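Q: I have a structure open here and some questions about it. Can we go through a few residues, then move on to other things?

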Amino acid sequence: ATQYFFKIYPYSNYGSIIDYKNVNAPEVSEFSHTKINAEDFEDGTFGSWTTYSVSSDKDWFVDNSAAAVSTVFSACINGENENENSNDWLISPRIDLSSWDNPILVFYSRWLDGFSSSELVLKYSENYSGGDPSLATWSILNFVKPELESLWTHSDYVLINSVDDSLYVAFNYTSSSDPRKWNVDEIEISGISTAFDPRITVIQ
């Protein structure tokens, strides 16, 4: 038997005018990614995700007034009229990445009112074990934030390749004066199984 390895590159046009590209990095196929965890809040709950309020009387809740991609529910936090500055968390379950390569996170977000875009921060932790998240160490993950009010925006692909074992992902909402309302929806963490073998074996 002979083993062959292949790479997939993007191309333009079609038929006799195909212009194949082989000078840049090969494409990463989205179809090779498998869902590890997904939450759309469509059952009216946080599902496998949890919330924790470090401060303020304004907590995360499931909102039925705004949702992404023609759905009904989303996770929401709004610090308006809070009794003190908010520090509120929406936290994933423990995500085991030991059997996955190239893990990525995608989701939708939007904001309403207020003037600060720094209130909602995406983070991950490798030493969180439940309870108060402020007692754990968290690192920031950058994501694409909506530029316009009420505009649902896709996060693009948030890479979390630096983690080899397991982690928690969280949306941390902090506020001061004139806070914004934030919604997040259609959260999905996916990866390529380490058992995936792209080789093709030709039996002659």
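Q: Start with Phe107. What does it touch, leaving out residues up to four places away in sequence?
A: The model is a predicted one. In it, Phe107 touches Leu122, Phe143, Thr153, His154, Ser155, Val158, Phe171, Asp185, Glu186 and Ile187.

Q: Which strand is Phe107 in?
A: Phe107 belongs to strand β10, which covers residues 100–112.

Q: Buried or exposed?
A: Phe107 is buried: its relative accessible area is 1%, and the cut-off for buried is under 20%.

Q: And how far is Phe107 from Ile189, in sequence and in space?
A: They are 82 residues apart along the chain, with 8.9 Å between their C-alpha atoms.

Q: Pockets next. Which residues line the second largest pocket?
A: The lining consists of Lys35, Ala38, Glu39, Asp40, Val106, Phe107, Tyr108, His154, Tyr157, Glu186, Ile187 and Glu188.

Q: Which elements give two or more residues to that lining?
A: Those are β4, β10 and β16.

Q: How much space is in there, and what is the lining like by class?
A: The second largest pocket holds about 150 Å³. Its lining has six nonpolar, five charged and one polar residue.

Q: Lys35 and Glu188 are both on that list. What do they form with each other?
A: Lys35 and Glu188 form a salt bridge, and their closest N and O atoms are 3.9 Å apart. The cut-off is within 4 Å, so the pair counts.

Q: How accessible are the two ends?
A: Lys35 is exposed, at 57% relative accessibility. Glu188 is partly exposed, at 24%.

Q: How many salt bridges does the count come to?
A: Two. Besides the Lys35 and Glu188 pair, Lys181 forms one with Asp63, where the closest N and O atoms are 3.5 Å apart.

Q: Where do Lys181 and Asp63 sit in the chain?
A: Lys181 is in strand β16 and Asp63 in strand β6 (residues 61–63), so this pair links distant parts of the chain, 118 residues apart.

Q: Are those two buried or exposed?
A: Lys181 is buried, with a relative accessible area of 13%. Asp63 is buried as well, at 4%.

Q: Changing topic: strand β15. How many of its residues are buried?
A: Eight of the nine residues in β15 (residues 166–174) are buried, so the strand is largely enclosed by the rest of the structure.

Q: How does β8 pair with β15?
A: Strand β8 (residues 87–91) runs antiparallel to β15, with five bridges between them. One of the bridge partners is Phe171 in β15, which goes with Leu90.

Q: What about β11 and β15?
A: That pairing is antiparallel too, with six bridges joining β11 (residues 120–125) to β15. Tyr124 stands opposite Val169 there.

Q: And β9 with β15, how many bridges?
A: Two, again antiparallel, with β9 covering residues 95–96. In that pairing, Ile95 is opposite Leu167 of β15.

Technical notes
Residues numbered from 1 in each chain as written. Predicted model: local features only at pLDDT ≥ 70, side-chain atom pairs only at ≥ 80, totals over all residues. Heavy atoms only, no water. Salt bridge = Lys/Arg side-chain N within 4 Å of Asp/Glu carboxyl O. Buried < 20%, exposed > 50% of the residue type's maximum accessible area, 1.4 Å probe, protein only. Helix = DSSP H or I, 4+ residues; strand = E, 2+ residues; numbered from the N terminus. Pairing = 2+ DSSP bridges. Contact = heavy atoms within 4.5 Å. 1 Å grid on protein atoms, 1.4 Å probe; cavity = no way out; pocket = protein on both sides within 12 Å on 5 of 7 lines; lining within 4 Å. Points joined across faces, edges and corners; volume = space filled by probe spheres on them. Nonpolar A, V, L, I, M, F, W, Y, C, P; charged D, E, K, R; others polar.
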